[in-house]
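Work through the exercises below with the coordinates open. Each task is followed by a stepwise solution.

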Amino acid sequence: MPRRRASWPLLCAAIALPCSASAAPADGEIAGEGFEVTRYALALTPDMAGGTIAGREIVSLRATREGLKRLIFSGNGLSIDSARLDGAPVAQRRGEKTLAFDLVRPLARGRTVRLELTYHGRPARGLAASATGLYTSYFACDWMICAQDKFGEKAAFSLDLSVPAGMQTLSLGRRTAVRPGPDGREIHRWQAPRPYSAYLYGFAVGRFARANARVGGAELALLSDVAGETELKRRFAETPAMVRFLSGKAGLPLPVRTYSQLLVEGGEAQEAATYSVLGKDSLPSGDAVPEEDWAIVHELAHQWWGNLVTCETLRDFWLNEGITTFMTAAWKEHRYGRAAYDAELRVARARLDRARALGFDKPLAWAGRYPSLGARRAVQYGKGALFMAHLREQLGEAAFWSGLRRYTRAHAGGTVTSRDLQAAMEAASGRDLAPLFGEWVYGSNPEQTAAPQSHP
């Protein structure tokens, strides 16, 4: 499957997983440490021709330790024009990989405050041009102020996008208002339906063709500025069936009222909180076989596993990616037969075998440093999918799928560790799975999995 093998690196590059983990940045500071964000409220003006951003942002947060002296966020290339905490100016300071705001007075544990920011600049990552506009991809904290790697922190999100009149927009949740803006512009307000992790934030602006469909109580919106309505319907014809399949296996309906799929040029394959961005090169076309729809179902599956149920830290990132990689195989089995399932798992096994040939293989919840991006993908995507397939074989169909439904329902809207999946599978099967999880997930030394991780 040459098209499949060529597309996988594009998927993982879009997701931009770190090549290593567990060490703090060189400046010794960790983004998001000592506080919890409860809400991000943004007003952004993107310059589509220049690829720049101007923004206002209010970060509502709560101190989680006593005597908090600074607020540390992920570093980026934006210039901070002003920063005020509850109306009083605060000084900014940049580390190698962080942006910090030093507080005049330390915060007591539990104290809630509002950090108000204005900024402008050209994001180094996370902003890509489309045919008529632009869209974001993964690196949210390059075009806004947030903590990129704090997966376990879910915050409310709203966005006012200032765009030229007549442009369409896409962001989290639903568009709740359109009002006139200055200089012939419009302001589109978007509101997320529930709190989400910051890495799932995003938006798109362009002149989009649109096609709509419905499945259950949800609307499916197909958007593109590189394809018309007919092509959109053809390329995404299987999405309603995918939703029905994944809903049944999750035990929950599609978690959003409207799920959008934005088709762009190139090999993009990236989920956001309530939509996905997919490149034409990642989808079956021409002489490609239909079952090469892996990118569509993989990103859709993240609406349950990854977005609704989110790993607490990067050490359990396999719960996001290993489960969705396995569910891609499960969909192919359902739609195209057992041979397609086996072929998908062979891709995962080949990836892991290449890492093993280079002397690298680790437990799924390993907290150490990965020598390369490929090694991380081999473990958290490939080995994660193979473990789920192995669990299915060991537990049997009824217990395995019951355990996955139990896990998904119990933690919907929250965060998880590998122990949560183990508990759900044990409850469903009535078996002690400690030896199996010890072999695949924790390794011989469970303490290896205890340290939090961060991007280098």
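**Exercise 1.** Is Cys 311 buried or exposed?

Solution. The model is a predicted one. Step 1: take the relative accessible area of Cys 311, which is 0%. Step 2: apply the cut-off, where buried means under 20%. Step 3: Cys 311 is therefore buried.

**Exercise 2.** Find the disulfide count, the residues joined and the handedness of the link.

Solution. Step 1: count; the structure holds one disulfide. Step 2: identify the partners; Cys 141 is joined to Cys 146. The S to S distance is 1.8 Å, and the cut-off for a disulfide is within 2.5 Å. Step 3: read the torsion about the S-S bond, which is -115 degrees. The link of Cys 141 and Cys 146 is left-handed. Step 4: check accessibility. Cys 141 has a relative accessible area of 1%, so this residue is buried. Cys 146 has 0%, so Cys 146 is buried too.

**Exercise 3.** Describe the surroundings of His 188.

Solution. The relative accessible area of His 188 is 1%, so His 188 is buried. Step 3: look for a polar partner. The side chain of His 188 makes a polar contact of 3.0 Å with the side chain of Glu 186. Step 4: list neighbours, leaving out residues up to four places away in sequence. His 188 then touches Leu 159, Asp 160, Leu 161, Val 163 and Met 167, among others. The list also includes Thr 169, Arg 175, Ala 177 and Val 178.

Notes. Residues are numbered from 1 along each chain as its sequence is written. This is a predicted model: local features need pLDDT of at least 70, side-chain atom pairs count only at pLDDT 80 or more; totals for chains, interfaces and linings use all residues. Side-chain values use heavy atoms; hydrogens and water are left out. Buried means under 20% relative accessible area, exposed over 50%, partly exposed in between (1.4 Å probe, protein chains only). A polar contact is a pair of N or O atoms within 3.5 Å; within protein, one must be able to donate a hydrogen and the other to accept it, and residues adjacent in sequence count only if both atoms are side-chain atoms. Contact means heavy atoms within 4.5 Å.
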